[in-house]
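Have a look at the structure, then read on.

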Amino acid sequence: MAFAILAAAGSVSAQTSARGRAPVAVSASAGDLSAALAQYSRASGLQVIADPALLRGRRTQGVSGTLTTAQALDRLLSGTGLVWRLNGDAVVITRAAQARPAAPAPAAARVLSTEDRAETFAELEEVVVTGSFSSSLTQALDVKRRADNVVDVITAEDIGDFPSQNIAEALQRVPGVSIVRDRGEGLFVRVRGLGANFQITTLNGRSAAVNENVRDSGQSGRQFRFDTLPSELVAGVDVIKSPLASLDEGAIGGVVNVRTFRPLDLKTSRLALSGDVNYAENAGDLNPRLSALGSWVNEDRTFGALLAAVYDQRSLRQDRITGVTWGTYAAGVDTNGDGVSDSGRIIYPQALRPTLEMEDRERYGLNAALQWRPTSTTDVNLDITYTDLMVDYDELTYSADANVANAVRGSARVENGALAGGTFGGGTSQIGHEVSRLHHDNLSVGLNLRQQIGAWTVSGDVAYARAASDTPDPITRSRVQGSVGRIQIDMPKSGGGVPSIRFLDADMNSISTLPGRRLEYRVNDTLDEETAIQLDFVRPVSFGPIAKVAFGAKYRDRARDYNRRDFNITRGISGVTLGQDFFQPFSQRDFLSKVGAELPRSWVVPNPTRFLRQITQADLEAPLSRGDLRNSYQIDETILAGYGMADIEIMLFGAPLRGNFGLRVAQTEQTSSGHADNGRAALPVSFDKTYNDVLPSLNLVWEARDDFQFRIAAAKVITRPSLSDLAPRLTLNSSGALFTAVGGNPELRPFEAWQYDAVAEWYFSPSSALIGGAFYKDITTFSTRRRSNIVIDDVTYELTAPVNGGTASIAGIELAYQQLFPFLPAPFDGLGMTANLTLTTTDATYYDGTREFKDDLENVAKQSINLTGFYEKGPLAARLSYSWRGDVLQEVGTNGLESANDRAFGSLDGSLSYKLTDRLTVSVEAINLTDQPQEQFVADNRFVGYTDYGRTISVGMSARF
């Protein structure tokens with residue numbers, strides 16, 4: 001059975017402890033046993049642990065007076081068939097071993113309504129032990145058990161309880177969840193293998209505005225950037241895998257609901273402070289992180305105010321080889337030195353780019369909340385969350401562009417039709433230096449009123465969300481480019497290191513080796529705004545199996561504005577042998593020092609300040625170019641949704657069956673505006689699209705035994721296309737040796753799917769469970785990316801654009817195990833562990849012209865594993881967590897060798913903390929302890945990319961008052 005922690009304060013060392021003997025004033029009301037035990041634990045200061053299923057439907061005669069522990073608990077449990085015992089620092093309630101089973105209660109008494117379950121959990125949540133990882137797991141498991149739908153939860157009752165610096169990283173240990181990292185920090189979340197575009201993120205149940213990528217041409221669309229949200233502002237996260245009709249539509253993978261702190265939820269006034277210093281191994285810098293949370297609640301607990309703030313800096317460095325693409329060369333190469341091509345058709349690497357990326361990040365976060373609960377029938381909440389992230393970006397790179405047609409006789413090595421190495425004449429190289437300042441701010445404001453009017457509960461919610469991303473300092477790329485003669489390369493397979501690159505005729509540290517190419521200057525800003533109004537009505541009923549009905553409506557108005565302007569300045573640069581003032585020293589050490597390949601580890605660095613002098617005020621004031629118009633767009637989206645839902649509570653084969661069924665109907669109106677290029681001019685265009693979705697859902701839980709339950713769920717779900725994919729835009733990229741283009745498609749349809757879940761849950765001991773489930777998603781419509789060549793101004797670009805695709809399916813299993821080991825002999829009784837495994841298989845139908853074929857679904861991780869071991873005993877706490885996900889394939893369907901697959905990746909993270917006093921704790925945390933790099937590959941495991949971001953270690957202290 002899973003035990004819930006009903007209350008906590010102080011500790012009890014043995015059954016004969018002074019606290020156990022000392023009488024205390026107790027007043028616990030007659031009626032519901034769970035509520036009475038919570039009242040007793042608050043009065044006595046003792047932690048009480050009991051299985052919610054064991055307490056369900058049981059009543060007590062109550063107790064009042066000044067009594068000892070034994071007297072009070074004996075009276076409270078009299079006639080219930082339950083007994084109590086002191087175990088360490090807790091009172092544990094269990095079934096009496098020899099007691100005669102109590103007479104079965106009527107069905108109406110045995111089955112709690114949804115509202116009753118919520119109220120009971122509110123009592124449990126009120127006094128959960130704070131600052132304890134195991135107690136957070138206990139609470140999260142109880143939420144999962146009581147939920148009618150498939151949901152996993154992470155809770156943090158106090159500031160800084162997450163075992164990582166980022167919410168995405170904390171979510172790694174949730175079954176079926178893996179993350180996408182950027183510069184070593186969690187950025188996006190995957191649920192059940194599906195990419196971030198299949199999830200939606202809400203903040204306190206409200207849509208979150210999304211900050212866009214403004215660093216390069218790639219855009220995030222609807223994907224929430226978790227690096228903008230500090231974990232110290234977050235009270236908990238719900239990963240909802242099967243929807244309710246009352247929830248926002250839009251997620252085929254899952255809904256990630258982030259909950260911020262509220263004062264009345266914390267129950268008492270408190271102050272929490274924390275500070276740490278982190279060290280990023282590759283960057284070699286020490287950075288601070290400070291946070292504070294202050295909460296005030298009046299004596300009557302009817303009004304509260306809360307303010308939480310966080311400030312941190314991070315210095316990051318990535319050593320990479322990127323930009324590698326593989327092309328096809330039909331003529332083949334000479335491998336035996338006789339001057340005749342003998343290899344046949346081959347694939348060969350293009351544009352190898354060793355790259356050093358550095359960032360200095362500065363982030364602020366603020367969460368403010370007001371709560372007013374004058375009576376049990378009125379509840380008013382105001383939530384305000386604001387974050388601000390500033391990034392100073394610095395990138396140094398050079399390329400090795402070998403000319404496969406000029407392979408030196410007999411030097412080429414071909415393995416299974418792929419060029420693995422050789423010496424090539426007529427090579428070229430480009431050296432670049434990119435600098436920029438990127439800014440992201442995110443504001444969320446929500447006002448909620450819940451009022452009980454007779455039997456009805458009416459809720460109204462008004463919300464505004466805004467996310468702005470821009471470039472306060474422009475993105476500048478200073479480039480030199482030219483011929484370098486012979487290049488010798490050696491291409492290992494992915495996982496076998498990085499390529500060796502030798503410039504046989506060129507000195508990459510000489511300013512005279514390469515002439516100037518150009519200055520690229522870009523300003524970019526984007527604004528994502530949403531206003532939402534929601535109204536909900538809930539009423540308990542007694543109509544056969546239906547225990548509650550709910551219905552409501554929501555209106556959302558969203559706008560995305562994306563503006564980009566580019567200048568390519570060649571005046572005084574192109575073809576010129578530049579002087580010393582156009583360059584600066586290479587200031588970094590140990591570039592790619594962890595790999596044994598031979599390649600230049602330093603090179604001349606263009607000076608962006610000097611290059612920037614080549615742009616004039618007249619350039620900046622020139623009218624928008626065709627390219628500027630093509631790159632910019634606006635998406636307006638209006639969604640009107642309504643739902644109806646009913647809760648079910650009946651007996652099935654002598655055991656409770658609960659759940660809900662409902663229907664959500666949503667109408668989406670979209671307008672995509674921008675400019676289309678006819679090859680001669682960029683012309684304004686606008687596309688309107690309206691579609692309707694009817695989305696039924698069903699969630700059922702059968703509580704077969706006190707410790708065992710089954711759940712099934714079925715629903716129709718959608719994922720709307722990425723906002724950037726809907727844009728009538730065309731972005732050209734001529735920075736590298738390969739000219740590419742990215743386009744949008746306003747005619748994209750939403751992804752639609754039917755999804756099914758079946759789960760068995762065994763709660764076999766306190767705070768422990770073994771859970772196994774299967775899921776299936778039948779995606780009836782989806783879009784994929786198609787590549788083709790287009791000609792703009794007599795230049796051929798390889799265009800990648802989304803198109804409506806065919807059908808797909810995803811099937812998988814989830815296994816989860818969680819257990820505490822208090823029964824082990826001391827000191828091992830503080831051990832615990834969690835483990836989960838997710839396996840998926842996919843199948844998709846693709847169309848390439850008139851050809852139809854099947855392949856795996858792109859951007860899906862087929863396996864993910866999360867293991868966490870922890871120890872908590874007295875003042876000491878330690879955690880070690882390993883998160884791993886398998887290969888993520890992009891080279892499927894119509895995607896070719898240009899689509900890089902992500903190699904399997906795992907991260908080992910750990911933390912150690914010690915309580916110096918009841919209020920003061922010191923801690924050490926480490927991320928990526930095994931120093932694992934991230935790698936990419938294409939067909940036959942060919943190398944595409946390598947990223948090393950190193951370890952991060954932090955040392956900190958926290959105080960709670």
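**Notes on the model**

1. Let's start with E169, which is buried at a relative accessible area of 6% (buried means under 20%, with a 1.4 Å probe and protein chains only). E169 sits in helix α8, residues 167-170; helices here are DSSP runs of H or I with at least four residues, and strands are E runs of at least two, numbered from the N terminus. A polar atom of the E169 side chain lies 3.1 Å from the backbone nitrogen of G186.

2. A word on where this comes from: the model is predicted, so local features need pLDDT of at least 70 and side-chain atom pairs count only at pLDDT 80 or more, while totals for chains, interfaces and linings use all residues. Residues are numbered from 1 along each chain as its sequence is written, and side-chain values use heavy atoms, without hydrogens and water.

3. Zooming out, there are 13 helices and 51 strands. Of the 961 residues, 57% are buried.

4. Now the inside. The largest nonpolar core has 55 residues, and W326, L419, I431, F503 and W603 touch the most other members. Such a core is a set of buried Ala, Val, Leu, Ile, Met, Phe, Trp, Tyr and Cys residues joined through side-chain atoms within 4.5 Å. A second, separate core of 22 residues includes V26, A36, L37 and I93.

5. Leaving aside residues up to four places away in sequence, L419 has contacts (heavy atoms within 4.5 Å) with several residues, among them W326, V333, Y348, R413 and M491.

Methods
Buried means under 20% relative accessible area, exposed over 50%, partly exposed in between (1.4 Å probe, protein chains only). A polar contact is a pair of N or O atoms within 3.5 Å; within protein, one must be able to donate a hydrogen and the other to accept it, and residues adjacent in sequence count only if both atoms are side-chain atoms.
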